[in-house]
Amino acid sequence: MIKVAIMGCGTIGSGVYEVIENNQAVLQKELGEEIRVAKILDLRSFPGTPYEKLVVNDISLIVDDPEISIVVETMGGTKPAYQFVKSCLLAGKHVTTSNKALVAAHGTELLQIAREKNVNFFFEAAVGGGIPVIRNIGTGYAGQVIEEITGILNGTTNFILTKMDREGASFEDVLAEAQRLGYAEKDPSADVEGWDTCRKIAILSSLAMDGEVDFEEIETEGITKIDTADFAYARKMGTSIRLVGSMLREEDGFSVFVGPMMVGMDDPLYSVSGVFNGIVIRGNQLGVTMMYGSGAGKLPTASAVIADIVEIAKNPARNVPFGWHAGKLSPKPAGARLHRFLVRFDGADAAAAQKTAEALGAKAPVFPDGGAEFAVLTEALTKDELKEKLAAFPNVKKYIRAALNGIA
Ligand code: HSE
């Protein structure tokens, strides 16, 4: 029998227990033997649950148990997850985690320890929930130069932006609804400030570039400043606004950013709505592909953990190539990357607005249904070039990136 321990029995950890029980028959068929959760590490006791008797409070009961070969880390955060995972790997146990904060902050070291100990440190569930994006980058895109990864990587913010678009509702109102429905946390900062997406695109960039991309070096902006007027302009232009994390390989390096972006109807990300995630990957020979699906939630995320467990169980005595290798890679400033931009200006004078539009390479400005302002969708520019041009316009209100292609 394969014995698994789970560290952290919250939403995802209890989901892993459930999937192992629910899919026991299919798992046994695939692995040729029984697989069971033997211990669950948590400070709580879970009376009345089927796993009540499995709960332990002391990590050494897992680290020192020779019968446990696979450990699942679903605690979240880095303290004490980092020390616990490291101890398990050093004790020769395989580890799979759903914890993007842990992987983004300590992935390089933990991957290295796993290689030295000839075990595996997997983290399929850390990005894209149930979408197998991490394993795909390593295997499905093997032999490919990955030129770009642009993804909607956060279900909560995508739910909020989709509702703002479809219902014309304000950010504050939709956030409150998302919190009521349990999508958004009480403290929603990690999602709405873009920090969650930042860690996820850091992990995907590290995989694509085969080196550590520090999430702290990624230009990150969230969605808190997106308002109903931005969506009104976006709709008039046949577009929508999404929060994306994006990595672009450039001639002399690569750049990464997280921020809101206008996408046109022909953009594959336009149709990624609600709590779903979508990740567009462009390979140098492959062209464009997109993976789409449940990017968060108990059972989708637990399913990605299970896929890791199955691969570990099939390779009990071998470190399967996975992740990236040591070596810190610094992204180039994202301000040098080409985009179009939606720029909003104060003022209702049609002639002045027309001149402004032409100065930014647009045929004409776009006026809202009411209010003394207008917007311009610029030609392709870098953010640095845009800022230089906008210095001549004291009436600039704000600007939002727009996709380079796919907007009429
Ligand atoms: N808060 C995250 C999201 C959870 O909304 O996508 C999954 O990482």
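## Reading the spaces in a predicted model

Tutor: Welcome! The model here is predicted. Let's begin with its largest cavity, where α5 gives the largest share of the lining, 3 residues.

Student: How does one find empty space inside a protein in the first place?

Tutor: The general idea is simple: a probe the size of a water molecule is rolled over the atoms, and this shows where empty space is left. In this structure, there is 1 cavity of 30 Å³ or more, and the volume of the largest cavity is about 40 Å³.

Student: Which residues line the largest cavity?

Tutor: Look for Leu111, Ala114 and Arg115, then Asn120, Phe121 and Phe122, and finally Asn319, Val320 and Phe322. Two elements, α5 and β6 (121–122), each give two or more residues to this lining. By class, the lining has 6 nonpolar, 2 polar and 1 charged residues.

Student: And what about open spaces? What is the volume of the largest pocket?

Tutor: About 1100 Å³. Its lining counts 40 residues, and those nearest the centre are Ile12, Lys100, Glu185, Asp196 and Ala296. Several elements give two or more residues to the lining, among them α1 (11–22), α5 (100–117), α9 (189–192), β13 (287–294) and α12 (298–314).

Student: Which element gives the largest share of that lining?

Tutor: That is α10, with 4 residues.

Student: Where does the ligand sit?

Tutor: The ligand takes up the space of the largest pocket.

Student: Then which residues are around the ligand?

Tutor: You will find Lys100, Asn154, Gly155, Thr156, Asp191, Asp196, Lys200, Gly295 and Ala296 there. At least two residues of this shell come from each of α7 (155–167) and α10 (195–209). Sorted by class, the shell holds 1 nonpolar, 4 polar and 4 charged residues.

Student: What percentage of the ligand's area does the protein bury?

Tutor: The protein buries 79% of the 260 Å² that the ligand exposes when taken alone.

Notes: Residues are numbered from 1 along each chain as its sequence is written. This is a predicted model: local features need pLDDT of at least 70, side-chain atom pairs count only at pLDDT 80 or more; totals for chains, interfaces and linings use all residues. Side-chain values use heavy atoms; hydrogens and water are left out. A residue is near a molecule or strand if one of its heavy atoms lies within 4 Å of it. Accessible areas come from the Shrake-Rupley method with a 1.4 Å probe; for residues, only the protein chains shown count as cover. On a 1 Å grid over the protein atoms alone, a cavity is a set of points where a 1.4 Å probe fits but cannot get out, and a pocket is an open set with protein on both sides within 12 Å along at least five of seven lines; lining residues have an atom within 4 Å of a point. A molecule sits in a cavity or pocket if more than half of its atoms lie within 2 Å of its grid points. Ala, Val, Leu, Ile, Met, Phe, Trp, Tyr, Cys and Pro count as nonpolar, Asp, Glu, Lys and Arg as charged, and the others, Gly among them, as polar. Grid points are joined across faces, edges and corners, and a volume is the space filled by probe spheres set on the points.
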